[in-house]
Amino acid sequence: MPGIRVKPWNRVDGPIYSLATSAGGKGNLNICSYVTPIAMKPKRFIIGVYKDTKTLANLEANPIGLLNYLAEDQASLIKLLGKKSGHNVDKVAQLGSQIEHVGDGLYKLRGALATLRLKFLERLDCGDHWAWLAHVESYENLREAPGLTLEELKRQKLILV
């Protein structure tokens, strides 16, 4: 359609997550928007992880994670978790009381809608991301509230697409 300037892959709204990972006793959290359920039995997801990130280094050393499904009222976390590198910033320290340690060096974000404990199985090179196949080991629903979405991030001008 003439007049539509948005790239097709940026027209689809989707949920925003934070993936908590850990290696060598050091935790990290990031932002994930490339997250897709891919199988029902067993329950599995495909998760896109940027190359050359602390999250990737952690997964290569310790292939477990905690996927936090973010609520709309957590949009302010994007500046720390999505725009700063865990190589340069101790995100766990900066989050302080906004997180809760749940074991294995993983952190749950207080206020998240749900969490999924994942075991990462395989990955596929996809250019600037690795697509990881992750098995859901357990999950927990935490609260009812509107989910944070790509459209909301665009509306708040936290991302440009």
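Two strands are taken to pair if DSSP finds at least two bridges between them. By this criterion, in the predicted model examined here, 7 strands form an open sheet in the order 2-1-5-8-9-4-3, and the pairing is antiparallel. The edges of the sheet are strand 2 (26-29) and strand 3 (35-39), each of which pairs on one side only. On average, neighbouring strands of this sheet are turned by 35° against each other, direction ignored. In general, strands of a sheet pair through backbone hydrogen bonds, either parallel or antiparallel.

Individual pairings within the sheet can be described in turn. Strand 1 and strand 2 run antiparallel and are joined by 4 bridges. The bridge partner of Ala23 in strand 2 is Lys26. These two strands form a hairpin with 2 residues between them, and Gly24 in the turn has a positive phi of about 60°. Strand 4 pairs with strand 9 (residues 129-141) over 7 bridges, again in the antiparallel sense. Phe45 stands opposite Ala134 of strand 9.

Helix 1 lies across strand 1 (17-23), strand 2, strand 4, strand 5 (64-69), strand 8 (114-125) and strand 9.

Val49 is placed in strand 4. Because its relative accessibility is 1%, Val49 counts as buried, the cut-off for this class being under 20% relative accessible area. Apart from its neighbours within four places in sequence, Val49 is in contact with Thr55, Leu56, Leu59, Asp128, His129, Trp130 and Trp132. Val49 and Arg123 are 74 residues apart in sequence, while the distance between their C-alpha atoms is 9.7 Å.

When neighbours within four places in sequence are left aside, the contacts of Gly147 are Tyr69, Leu70, Ala71, Glu72 and Leu113. Gly147 and Leu160 are separated by 13 residues in sequence and by 19 Å in space, C-alpha to C-alpha.

A further antiparallel pair consists of strand 6 (residues 99-103) and strand 7, which are linked over 4 bridges. Gly103 stands opposite Leu106 of strand 7. Strand 6 and strand 7 form a hairpin with 2 residues between them, and Asp104 in the turn has a positive phi of about 55°. In a regular strand the side chains alternate between the two faces of the sheet. Strand 7 (residues 106-109) is covered on both faces: Leu106 and Lys108 on one side, and Tyr107 and Leu109 on the other, are all buried.

Empty space in the model was also examined. Rolling a probe the size of a water molecule over the atoms shows where such space is left. The largest pocket has a volume of about 910 Å³. Its lining comprises 35 residues, of which Ile31, Cys32, Ser33, Tyr50 and His129 are the closest to the centre of the pocket. The elements that give two or more residues to this lining are strand 4 (44-50), helix 1 (54-61), helix 2 (78-81) and helix 4 (150-155). Strand 4 gives the most, with 3 residues. By residue class, the lining of the largest pocket divides into 18 nonpolar, 12 polar and 5 charged residues.

How values were computed. Residues numbered from 1 in each chain as written. Predicted model: local features only at pLDDT ≥ 70, side-chain atom pairs only at ≥ 80, totals over all residues. Heavy atoms only, no water. 1 Å grid on protein atoms, 1.4 Å probe; cavity = no way out; pocket = protein on both sides within 12 Å on 5 of 7 lines; lining within 4 Å. Points joined across faces, edges and corners; volume = space filled by probe spheres on them. Nonpolar A, V, L, I, M, F, W, Y, C, P; charged D, E, K, R; others polar. Axes fitted to C-alpha atoms, helices over the stretch in contact; angles between N-to-C directions. Contact = heavy atoms within 4.5 Å. Buried < 20%, exposed > 50% of the residue type's maximum accessible area, 1.4 Å probe, protein only.
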